[in-house]
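Here is a short report for a reader meeting this structure for the first time. It starts with one residue, moves to two others, and ends with the chain as a whole.

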Amino acid sequence: MKAISKAFGAVQALKEVGFVLRPGEILGLVGDNSAGKSTLMKVLTGAYHRDSGEVLVAGHPTNFRNPHQSREIGIEMIYQDFALCGNMDVAQNIFLGRWPQKGPFVDRARMYDEAAGVLRRLNVNVNSVFQKVESLSGGRQQSVAIARAISFDPRVVILDEPTANLSHVATETLLKTMLELKAQGVAQVIISHRLTDIFEVGDRVMALKRGENVGDRYIRHTTEQEILELMIAGTAANALTADQALAASRQGAPPGLD
């Protein structure tokens with residue numbers, strides 16, 4: 001993404017932001033509540049239309065008008081609410097709206113078999129593909145949402161605050177799933193306030209502030225404290241020191257940060 005700008009009326013959400021994601025890379029995208037993280041990713045998927053700038057995939061210019069078009073080229077975004085149907089089972093959710101057909105009917109045997117195959121690919125354990133999603137824990141619902149995305153064979157998966165409502169055990173399972181996807185060559189973006197998670201599995205971290213890119217670092221060459229300083233330095237809220245923010249981030253979201 002080159003020089004991406006996006007405004008909502010008088011509010012300039014993004015100001016000539018550059019963004020690069022490489023095959024098989026896990027990139028952490030961080031910043032405060034108004035930094036523009038989700039807006040940037042929604043521009044990438046076509047959910048929002050950019051005012052200016054370029055989006056290139058494998059070197060080819062694109063102009064996605066909606067998320068269906070970005071999905072066709074291999075980009076999937078998983079939102080914080082998972083967008084699942086609780087009254088349907090696991091397999092039905094994975095293939096929601098595109099159930100395998102056998103003549104005029106749904107090929108149920110194929111659907112459940114392929115759903116189980118997608119879950120095996122992710123190396124995650126859901127009790128049964130016949131189980132209603134509403135009966136699953138938050139972590140397992142997250143796994144179903146990822147399985148749905150993976151069933152499209154994406155090149156890029158974007159996860160918006162994936163660990164915000166998960167237990168410690170579920171978070172560890174999710175991070176292992178991300179590493180499994182990485183091993184399969186799937187690039188991932190994790191939008192998160194939990195720097196510990198990003199530093200555990202990420203290759204690189206990018207910080208946005210007030211719609212601008214204020215830093216891009218390789219994980220192996222930086223620290224959580226440096227990233228927090230990029231996020232908060234020079235703001236009106238800098239009464240929260242980097243040390244305080246670092247301690248808070250290990251327990252949850254520090255004040256003013258998402």
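Asparagine 93 sits in helix H3, which covers residues 90-94. The model is a predicted one. Is asparagine 93 buried or exposed? Its relative accessible area is 1%. The cut-off for buried is under 20%, so asparagine 93 counts as buried.

What surrounds this residue? Setting aside neighbours within four places in sequence, asparagine 93 is in contact with Leu84, Cys85, Met88, Val133, Val144 and Arg148. One partner also shows up at the level of polar atoms. The backbone oxygen of methionine 88 lies 3.3 Å from a polar atom of the asparagine 93 side chain. Another link spans a stretch of sequence. Alanine 145 is 52 residues away from asparagine 93 along the chain, yet their C-alpha atoms are separated by 8.1 Å.

Alanine 3 has a phi near 50°, a positive value in a residue other than glycine. Aspartate 153 is not a glycine either, and its phi is positive at about 55°.

Where do they sit? Alanine 3 belongs to strand S1, residues 2-8. Aspartate 153 lies in the loop that runs between helix H5 (138-150) and strand S9 (156-160). Their surroundings can be read from accessibility. Alanine 3 has a relative accessibility of 36%, so it counts as partly exposed. Aspartate 153 has a relative accessible area of 54% and is exposed.

| Residue | Relative accessible area | Class |
|---|---|---|
| Asparagine 93 | 1% | buried |
| Alanine 3 | 36% | partly exposed |
| Aspartate 153 | 54% | exposed |

Now the whole chain. Its secondary structure comes to 9 helices and 12 strands. The radius of gyration is 19 Å, close to the 18 Å that the globule rule gives for 258 residues, so the chain is as compact as a globular protein of that length. Along the principal axes, the C-alpha atoms fill a box of roughly 60 × 40 × 30 Å.

How much of the chain is buried? Buried residues make up 49% of the 258 residues. Contacts reach across the sequence too. Among those between residues at least 6 apart in sequence, 64% join residues at least 24 apart.

The surface comes last. The protein chain exposes about 12100 Å², and carbon and sulfur atoms supply 50% of that area. The chain has 28 positive and 28 negative charges, and their mean positions are 4 Å apart.

Note on methods. Residues numbered from 1 in each chain as written. Predicted model: local features only at pLDDT ≥ 70, side-chain atom pairs only at ≥ 80, totals over all residues. Heavy atoms only, no water. Helix = DSSP H or I, 4+ residues; strand = E, 2+ residues; numbered from the N terminus. Buried < 20%, exposed > 50% of the residue type's maximum accessible area, 1.4 Å probe, protein only. Contact = heavy atoms within 4.5 Å. Polar contact = N/O pair within 3.5 Å; in protein donor to acceptor, adjacent residues only side chain to side chain. Rg over C-alpha atoms; globule rule 2.2 N^0.38 Å. Areas by Shrake-Rupley, 256 points an atom, 1.4 Å probe, with all protein chains shown as cover. Lys, Arg positive; Asp, Glu negative; His and termini not counted. Charge placed at Lys NZ, Arg CZ, Asp CG, Glu CD.
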